[in-house]
Amino acid sequence: MVTKRDDGIADPHQDLRNSGLKITLPRLKVLDIFRNSEQRHLAAEDVYRILITEHSEFGLATVYRVLAQFEQTGLLKKSQLGNNKAVYELNDGEEHHGHLVSTSTGEVREFYDLGIEERLKVIVRELGYELTDYDITAYGTPLVDKR
Ligand SMILES: [Zn+2]
């Protein structure tokens, strides 16, 4: 999980050390992008595109590898949204949330609804299980065209 320093300023070096990963330039860069992006959810291609605008020389294969390492070590969370859209976000201990994907722009929004979680607990219990995790992705078209 990523941490904040006492002064509230992010320390990517510390995060990498805590995760047991060696500090390398691609890892620092990718972590930096997630820290500073206005978009919380980023696909591998988004990260790659940002790296290009920053004139970084890493290939898409490197981006995929770093993202996979970050997911394995818990720095990032990966969510599969639909068939071919996987997004990553910082694993900063925020509440379990669902994702809403705009079918017109691909924008990803988050939502949290205790009612859904409570309902799922009941459904799963009725099937003889205890809810340990869930994954909700909703799709919608914007009511107001923001393009
Ligand atoms: Zn999310």
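Q: How far apart do the C-alpha centres of domain 1 and domain 2 lie?
A: This is a predicted model, in which local features need pLDDT of at least 70 and side-chain atom pairs count only at pLDDT 80 or more, while totals for chains, interfaces and linings use all residues. Residues are numbered from 1 along each chain as its sequence is written. The protein chain is divided into domain 1, residues 12-90, and domain 2, residues 98-140, with bounds that come from an automatic or database domain assignment. Between the C-alpha centres of domain 1 and domain 2 the distance is 24 Å.

Q: How many residues of domain 2 are in contact with domain 1?
A: Two residues are in contact if their C-beta atoms, placed from the backbone, lie within 7 Å. By this rule, five residues of domain 1 touch residues of domain 2, and the number on the side of domain 2 is four.

Q: At what angle do helix α1 and helix α2 pack?
A: Helix α1 covers residues 12-19 and helix α2 covers residues 25-36, and their axes are 10 Å apart. Axes are lines fitted to C-alpha atoms, for helices over the stretch in contact, and angles run from 0 to 180 degrees between N-to-C directions. On that basis, α1 and α2 pack at an angle of about 115°.

Q: Which residues of α2 are met by Pro 12, Asp 15 and Leu 16 of α1?
A: The contact of α1 with α2 has four nonpolar, no polar and four charged residues, where Ala, Val, Leu, Ile, Met, Phe, Trp, Tyr, Cys and Pro count as nonpolar, Asp, Glu, Lys and Arg as charged, and the others, Gly among them, as polar. On the α1 side stand Pro 12, Asp 15 and Leu 16, and the residues they meet in α2 are Arg 27, Leu 28, Leu 31, Asp 32 and Arg 35.

Q: Is Asp 32 buried, partly exposed or exposed?
A: Asp 32 has its place in helix α2, and although 20 residues separate Asp 32 from Pro 12 in sequence, the two are 7.1 Å apart in space, C-alpha to C-alpha. A residue is buried if 20 or more other C-beta atoms, placed from the backbone, lie within 10 Å of its own, exposed if 12 or fewer, and partly exposed in between. Because 14 other C-beta atoms lie within 10 Å, Asp 32 counts as partly exposed.

Q: What is the phi of His 55, which is not a glycine?
A: His 55 lies in the loop between α3 (44-53) and α4 (60-72). With 6 other C-beta atoms within 10 Å, His 55 is exposed. Its phi is positive, with a value of about 60°.

Q: Which residue in β2 stands opposite Gln 80?
A: Strand β1 (residues 76-81) and strand β2 (residues 85-90) run antiparallel and are joined by six bridges, where two strands pair if DSSP finds at least two bridges between them. Their hairpin has three residues between the strands, and Gly 82 there takes a positive phi near 75°. Opposite Gln 80, the residue in β2 is Ala 86.

Q: Which strands stand at the edges of the open sheet?
A: This open sheet has three strands in the order β4-β3-β5, with mixed pairing. Strand β3 (residues 98-102) runs antiparallel to strand β4 (residues 108-111) over four bridges, whereas β3 and strand β5 (residues 137-140) pair in the parallel sense, also over four bridges. Each edge strand has a single partner strand, so one side of each is left without a neighbour in the sheet, and these edge strands are β4 and β5.

Q: Which residue in β5 is the bridge partner of Leu 100?
A: Towards β4, Leu 100 stands opposite Arg 109, and the bridge partner of His 99 in that strand is Glu 110. In β5, the bridge partner of Leu 100 is Ala 138.

Note on methods:
Helices (H or I, at least four residues) and strands (E, at least two) are DSSP runs, numbered from the N terminus.
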